[in-house]
Amino acid sequence: MAVKDRDRFSTATRIKLLGEQTAARVYRSQTKRQARRSRLTGRAALLALVVCSLVVALAYPIRQYVSQRSEISDLQRQKQQARERVEQLRDLKARWQDDSYAEQQIRQRLHYVMPGETGYVVIDPNAAKQSRSELGAADRPWYTNVWDDVDKSDASGR
């Protein structure tokens, strides 16, 4: 027994025993980790599946919400522009109901003169050098544009 006791307390035996105990602890911790990993992997997969399902389920409604909010803001902007246009037209209507403004516009646009007045047309000396086609359509009276169109259609018919 003395040899066995001596062998039990020897350094080599202690190191060997210590190594076996350490190896057993490492093996147990690895098996616990593997057991935990397998449990967490299933939970993680389920969680990932739920999150993906929520993302897929909510993607379309969120996209619709964003597009509808954009459309609402566009419609509100159009509504504001329409209100401003209505205000401008109301102001213009009120101006046209004033007889002096209407008279001024008639004189300016239609070249009317009151009875007893003499109307004058000032001709630009350089205007004679320009042909009718060089003048823009907006710069000429409407009847000139109509007559030019008649001339063009008559020339193309020949």
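**Salt bridges and a surface patch in a predicted model**

E103 forms a salt bridge with R107, the closest N and O atoms being 3.4 Å apart (a salt bridge is a side-chain nitrogen of Lys or Arg within 4 Å of a carboxyl oxygen of Asp or Glu). This is a predicted model, in which local features need pLDDT of at least 70, side-chain atom pairs count only at pLDDT 80 or more, and totals for chains, interfaces and linings use all residues. Residues are numbered from 1 along each chain as its sequence is written, and side-chain values use heavy atoms, leaving out hydrogens and water.

E103 and R107 are separated by about one helical turn because they sit four residues apart in helix α3 (helices are DSSP runs of H or I, at least four residues, numbered from the N terminus). R107 also forms a salt bridge with E117, with the closest N and O atoms 2.9 Å apart. This second pair links distant parts of the chain, 10 residues apart: R107 is in helix α3, and E117 is in the loop between α3 and α4 (142-157). Through shared partners, E103, R107 and E117 are joined into one network.

Helix α2 holds another pair: D74 and R77 lie there three residues apart, and their salt bridge has its closest N and O atoms at 3.9 Å. By this rule, the count comes to four salt bridges.

Back in helix α3 is Q105, which is buried because its relative accessible area is 9% (buried means under 20%, exposed over 50%, partly exposed in between, with a 1.4 Å probe and protein chains only). In contrast to this buried residue, E103 is partly exposed, at 38%.

Notes
Helices (H or I, at least four residues) and strands (E, at least two) are DSSP runs, numbered from the N terminus.
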